[in-house]
2 protein chains.
Amino acid sequence: MNSNMNATLRHSLLAAALVGALALGTTVSHAADPLPSWNDGPAKQAIVDFVRATTAKGSPKFVPPAERIATFDNDGTLWCEQPMYFQFIFALDRVKALAPQHPEWKEKEPFASLLKGDLKEALAGGVRSMLEIVMATHAGMTTEEFEQTVKDWLATAKHPQFNRPYTECVYQPMLELLAYLRANGFKTFIVSGGGIEFMRPWTERVYGIPPEQVIGSSIKAQYEMRDGKPVLVRLPEINFIDDKAGKPFGIDEHIGRRPVAAFGNSDGDQQMLEWTQGGGGARLMMLVHHDDATREFAYGADSKIGAFSDALMAEANKNGWTVISMKNDWKTVFAFEK
Amino acid sequence: MNSNMNATLRHSLLAAALVGALALGTTVSHAADPLPSWNDGPAKQAIVDFVRATTAKGSPKFVPPAERIATFDNDGTLWCEQPMYFQFIFALDRVKALAPQHPEWKEKEPFASLLKGDLKEALAGGVRSMLEIVMATHAGMTTEEFEQTVKDWLATAKHPQFNRPYTECVYQPMLELLAYLRANGFKTFIVSGGGIEFMRPWTERVYGIPPEQVIGSSIKAQYEMRDGKPVLVRLPEINFIDDKAGKPFGIDEHIGRRPVAAFGNSDGDQQMLEWTQGGGGARLMMLVHHDDATREFAYGADSKIGAFSDALMAEANKNGWTVISMKNDWKTVFAFEK
């Protein structure tokens with residue numbers, strides 16, 4: 001063996017080692033449980049069965065990779081939504097921060113009550129009051145300024161009960177589910193009633209979902225030149241409400257394909273699950289049920305936020321949708337519990 | 001050397017051969033011209049320089065893969081738009097096909113003139129007449145029914161001059177550009193004034209652009225249950241016009257990132273190119289100029305369709321946007337020429 005052949009052999013052995021390592025890696029990841037925070041039970045089984053049926057070659061329910069679309073509600077499905085939608089807490093914090101620039105708010109509802117700390121009185125006007133608070137804090141700036149404000153808030157604000165950044169109040173089992181679906185060729189989308197531009201600054205980092213796969217409610221924006229630079233200025237005018245019957249339209253408009261899997265937790269998700277199931281073939285529809293007052297919150301039919309009505313439960317039973325019991329199906333709720 | 005080692009050696013050599021083949025493959029694809037239908041010149045050079053600068057490791061203009069967003073207008077940029085927008089030809093054909101179900105059209109403009117073959121009189125009402133024709137042919141059915149109608153039309157309709165299916169009237173150099181960008185980690189999007197649901201049934205097959213990467217004008221749709229099946233029924237009501245200042249908003253709403261490259265051909269694309277350039281760093285803005293009466297069409301400032309005004313040309317010069325001369329920069333226009 002001359003030195004040249006020796007070098008070839010050395011490279012060959014290195015290559016073989018690499019190939020071996022890759023093969024070993026594959027074996028290990030197949031053997032490992034991709035959903036370690038899920039207890040064994042019907043919910044976990046439904047997920048694993050669905051993924052196997054839609055991805056195994058030769059399976060009668062095989063779904064081509066391009067059609068593997070999975071949609072997720074956000075509030076109450078991927079992250080916590082109690083004691084209030086986090087975006088609304090953001091809006092309240094912004095009212096306080098912006099108050100010095102708005103002396104007129106001292107006399108004007110709902111801001112006056114809000115600044116006095118009387119949330120109940122501030123929201124006495126119902127949806128109209130909430131909308132005024134949202135528009136005053138979400139419009140009037142450029143899209144880039146708003147994005148920065150969201151990032152700054154998330155960097156310091158903490159959940160009142162868990163005392164953690166809001167972006168840590170995400171459900172560990174759902175993070176595993178997102179990763180498991182993506183590892184099997186699914187494209188994961190968020191389809192939320194929350195603001196699209198409130199979610200996009202952090203969904204890629206936290207969920208691995210890039211901005212172009214986030215669908216949400218939105219306000220209009222106007223294109224203009226400011227000092228020779230093009231900007232989009234956010235206007236206090238609703239563009240789209242991505243909730244209930246709006247979800248199938250939002251999905252059609254943004255994705256243009258029907259999902260094969262959809263995940264929600266409240267009445268606002270019913271139409272998304274119906275629309276998903278309506279496509280026929282292998283489908284997975286799941287609803288997170290918040291029944292864990294110890295580790296998170298227990299709420300359902302009577303909740304003002306994220307209501308899971310008796311009618312929705314009846315639909316789930318009738319249509320074969322899987323209800324995920326947070327208490328029984330999840331070994332871990334939040335990563336910070338550990 | 002025992003037989004076991006022998007087997008190891010054989011595997012090693014096989015692995016080495018594979019590694020070698022892969023390396024060779026890389027070299028070959030680097031050497032081959034990814035843009036064979038482009039003549040050497042400033043336009044082709046601008047594309048190659050941009051891709052190298054944004055993708056080479058260590059380049060000061062390197063753009064991370066997730067941010068490699070490229071947006072393309074469709075009519076006049078990816079496919080032909082003369083003698084009329086193809087979607088409008090589709091609408092005219094649909095009026096004829098639907099006429100038996102609409103006896104009232106015999107007395108009602110713009111349909112009456114259209115059915116008599118008098119297009120000029122039918123369009124005398126300008127935008128309002130066009131909108132009536134579009135709504136009568138694009139609304140009132142489910143999204144799935146509309147998709148099928150588009151597919152059926154494309155399967156038989158032919159371009160009046162080229163006598164080819166419309167989906168063959170696509171620019172070969174732009175197909176190569178799309179593939180070249182994707183091979184370099186760019187995500188390609190359509191951002192067109194055309195109807196989003198008119199494009200999606202064929203963009204994946206023809207351009208390699210999946211439905212979720214198509215942005216366009218749209219009408220509203222209503223979610224409802226028909227015979228227990230969920231459907232979206234298209235309504236005769238504008239939802240969004242994806243043209244001029246609408247394009248940056250459409251991009252922000254659908255993608256949530258600013259493109260680093262944008263391609264258009266008319267006044268309707270100016271704001272998309274401004275918005276792209278406004279992001280700073282390495283950017284590529286290009287405009288197709290239709291100056292080839294022999295192989296395609298020659299039209300510009302005075303065209304009713306796809307106007308490329310003197311003001312746009314001035315903007316292009318001022319901002320350093322590259323104007324692609326169809327006549328000089330393209331070796332081949334359509335694949336069927338060959």
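In chain B, strand β1 (residues 69-72) and strand β5 (residues 261-264) pair in the parallel sense over three bridges. Two strands count as paired if DSSP finds at least two bridges between them. Helices (H or I, at least four residues) and strands (E, at least two) are DSSP runs, numbered from the N terminus. Within this pair, B:A70 has B:A261 of β5(B) as its bridge partner. Strands of a sheet pair through backbone hydrogen bonds, either parallel or antiparallel.

The model is predicted, so local features need pLDDT of at least 70 and side-chain atom pairs count only at pLDDT 80 or more, while totals for chains, interfaces and linings use all residues; side-chain values use heavy atoms, with hydrogens and water left out. Residues are numbered from 1 along each chain as its sequence is written, and chains are lettered from A and ligands numbered from 1 in the order in which they are written.

The pair belongs to a wider arrangement. An open sheet of seven strands in chain B has the order β4-β3-β2-β1-β5-β6-β7, with mixed pairing. Its edge strands are β4 (229-240) and β7 (322-325) of chain B, each of which pairs on one side only. On average, neighbouring strands of this sheet are turned by 30° against each other, direction ignored. Such angles run from 0 to 180 degrees between N-to-C directions, and the axes are lines fitted to C-alpha atoms, for helices over the stretch in contact.

A residue is called buried under 20% relative accessible area, exposed over 50%, and partly exposed in between (1.4 Å probe, protein chains only). Strand β6 (residues 284-289) of chain A is mostly covered, with six of its six residues buried. In a regular strand the side chains alternate between the two faces of the sheet. Both faces of β6(A) are covered: A:L284, A:M286 and A:V288 are buried on one side, and A:M285, A:L287 and A:H289 are buried on the other. Strand β5 (residues 261-264) of chain A pairs with β6(A) in the parallel sense over four bridges, and the bridge partner of A:F263 in β6(A) is A:M286.

Chain A has 13 helices and seven strands, and its C-alpha trace spans about 90 × 55 × 40 Å along its principal axes. Of its 338 residues, 53% count as buried. Contact means heavy atoms within 4.5 Å. Among contacts in chain A between residues at least 6 apart in sequence, 66% join residues at least 24 apart.

The helices of chain B can be considered next. Helix α3 (residues 86-98) and helix α7 (residues 143-156) of chain B pack at an angle of about 100°, with their axes 11 Å apart. The two helices are therefore roughly perpendicular to each other; angles under 35 degrees count as roughly parallel, over 145 as roughly antiparallel, 65 to 115 as roughly perpendicular and the rest as oblique. The contact is made by B:F86, B:I89, B:F90, B:D93 and B:R94 of α3(B) together with B:F146, B:T149, B:V150 and B:W153 of α7(B).

How are the buried residues of helix α12 (residues 310-319) of chain B placed around the axis? The buried residues of this helix are B:L312, B:E315 and B:A316. They cover an arc of only 100° around the axis, which puts them on the same side of α12(B); the arc is that of the directions from the helix axis to the C-beta atoms. The buried residues pack against α11 (270-277), β6 (284-289) and β7 of chain B. On the other side of α12(B), B:D310, B:A311, B:N317 and B:K318 are exposed. The helix is followed by B:G320, whose phi is positive, near 75°.

A cis peptide bond, with omega about 5°, joins A:Q82 and A:P83, and A:P83 is found in the loop between β1 (69-72) and α3 (86-98) of chain A. In chain B, the peptide bond from B:E109 to B:P110 is cis, with omega near 5°. B:D227, a residue other than glycine, has a positive phi near 50°. This residue lies in the loop between β3 (214-226) and β4 of chain B and, at 84% relative accessibility, counts as exposed.
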